[in-house]
Amino acid sequence: MKKFAIILAGGTGKRMKSKLYKVLHPVCGKPMVGHVINRIEEAACDRTVVIVGHGADAVKQYIGDRAEFALQAEQLGTGHAVMQAQDLLGSEDGTTILICGDTPLVTTETIENMLALHHANKAAATVLTADLANPTGYGRVIRNEDGQVSHIVEQKDCTAEEAAVREINTGTYCFDNRKLFAALHSVTNNNAQGEYYLTDVIAILKQQGDGVFAYRTADPAESIGINDRIALAEAEGLMRARIIRGHQAEGVTIIDPSSTYIGAEVRIGADSVIYPGTVLGGQTVIGEDCVIGPQADITDTVIANGVKFEHSVAKEAEVGEQSAIGPYAYLRPGAKVGSECKVGDFVELKNAVLGDRSKVSHLSYVGDAVVGEDVNIGCGAITVNYDGYNKSLTEIGDRAFVGSNVNLIAPVKVGDDAYVVAGSTITNDVPAGDMAIARERQTNKPGYADQVRGRAKARKESKGNQK
């Protein structure tokens, strides 16, 4: 049987009070609708339709070809929103999952379990529900004696007995696709809001004698829909805890989960240790046996096994096995550090390749450069890569030695086994095996220091007298 999905993402999101469209607000580094799309893809749906409205272009740009789109030009209720998919899915036979784009905490396991219950009972509809300690504000799911759904009643319409029910409607459903669209044609807007409610479909199906069931999720967090910044922060915390538990279950040590932030797409190998204050985001991949942090900020970076990375930042970079980064290093986009390398304190790498076992230990900038293996770059060395108009390349061969406080004026090449003396400013290539010295010869003037101090003291006294 075919499976379809309709994702409701057309609401205004006024309570977010943001220029960013609601379903594009990130939760653990990914737009909330992105989480929903992932769950639908994992459930192996044949077609997915996203209902867009306000911010339609931005949502389409983000989702791309992962779904089809239908426009809800007017916001006339959830039932009206689903009707916009009529032309795309209305004639299809199969099961449709209906889910809101602002519910990022729903899991694939829950969707699959709801589908299994739906199919086992040959239901017309199955409602995803949750038990809440305080269900105030949510629609209650009222069951009949055989456990099927009798009806769903909104908070404002509850009797005292119904208000005591703790099982709430999460807004996620499975439907027989043809019965869904047939029932939608019977939904009216005869209510206080003048809107077409999707929940009316449940009542219509019951009146027809169709089976309507409910699947109760074990995790009430899955019921959270994000309508404001308070709920956004709550969802962030719940998902962050879920992500961290997942890594811990796979053999990752996280010293202080409360001060560790790991994005939804991050992968970490077993026996790695994550110290407090660490932020891992984007498509970051960390190998096994690494020590990350404290205070590491790593985004879209690949880190191999056995790396130590502390008090440092990396964005769109690569680090090879057994290398040490930091403290206070900055790997900018395009930085590729080989195996067994050292990138030390206050070192910045940008669009630079550092060969295996090479070291840039402190206070250096290496940008737009290719550095060979077993190279030592001394304290304060700089590749001068920018002339105000163009970026130029510096190439340093294997086993070269670059002394402290050296300026390499790109474009320039330092050959294999070459030696650049400290304090040099290199403007010409250094052939392999050569030693380069580019600095003024030192001159000492006996006793001249006292004369310099005397003149300085006289100037200071003169200024004091003028006051």
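**Contacts and strands**

Reply: Go ahead, and keep in mind that this is a predicted model. Tyr-328 comes out as partly exposed, at 45% relative accessibility.

Me: Which charged ends sit over rings?

Reply: Arg-240 has its charged end over the ring of Tyr-261, 4.1 Å from the centre. Lys-391 does likewise over the ring of Tyr-386, at 5.3 Å from the centre.

Me: Switching to salt bridges. How many are there?

Reply: The count is 20 salt bridges. One of them joins Glu-68 and Arg-47, at 2.8 Å from N to O. This pair links distant parts of the chain, with Glu-68 in strand S5 (residues 68-71) and Arg-47 in strand S4 (residues 47-52), 21 residues apart.

Me: What are the relative accessible areas of those two?

Reply: Glu-68 is partly exposed at 26%, and Arg-47 is partly exposed at 23%.

Me: What does Arg-216 bridge to?

Reply: Arg-216 forms a salt bridge with Glu-167, and the closest N and O atoms are 3.2 Å apart. Arg-216 is in strand S11 (residues 212-216) and Glu-167 in strand S10 (residues 167-176), so the bridge ties together parts 49 residues apart in sequence.

Me: Next one. What is the partner of Arg-357?

Reply: Asp-374 is the salt-bridge partner of Arg-357, with the closest N and O atoms 2.8 Å apart. Arg-357 lies in the loop between S28 and strand S29 (359-362), and Asp-374 in the loop between S30 and strand S31 (376-377), 17 residues apart. Arg-357 is partly exposed, with a relative accessible area of 34%, and Asp-374 is partly exposed at 34% relative accessibility.

Me: Which residues are joined into a network by bridges that share partners?

Reply: Asp-131, Arg-143, Glu-167 and Arg-216 form one network of that kind.

Me: You mentioned S30. How much of that strand is buried?

Reply: Strand S30 (residues 365-371) is mostly covered, with 6 of its 7 residues buried.

Me: What does S30 pair with?

Reply: S28 and S30 run parallel and are joined by 6 bridges; Ala-352 has Ala-369 in S30 as its bridge partner. S30 also runs parallel to strand S33 (residues 394-396), joined by 3 bridges. There, Val-370 is partnered by Glu-395 in S33.

Me: Last topic. Which residues make up the nonpolar patch on the surface?

Reply: The patch is formed by Phe-401, Tyr-419, Met-435 and Ile-437, which together have about 400 Å² of accessible area. Phe-401 is in strand S34 (residues 401-402) and is partly exposed, with a relative accessible area of 30%.

Conventions:
Residues numbered from 1 in each chain as written. Predicted model: local features only at pLDDT ≥ 70, side-chain atom pairs only at ≥ 80, totals over all residues. Heavy atoms only, no water. Buried < 20%, exposed > 50% of the residue type's maximum accessible area, 1.4 Å probe, protein only. Lys NZ or Arg CZ within 6 Å of the ring centre and 35° of its normal. Helix = DSSP H or I, 4+ residues; strand = E, 2+ residues; numbered from the N terminus. Pairing = 2+ DSSP bridges. Patch = residues over 30% accessible without salt bridge, like charges linked within 9 Å, V, L, I, M, F, W, Y side chains within 5 Å. Areas by Shrake-Rupley, 256 points an atom, 1.4 Å probe, with all protein chains shown as cover. Salt bridge = Lys/Arg side-chain N within 4 Å of Asp/Glu carboxyl O.
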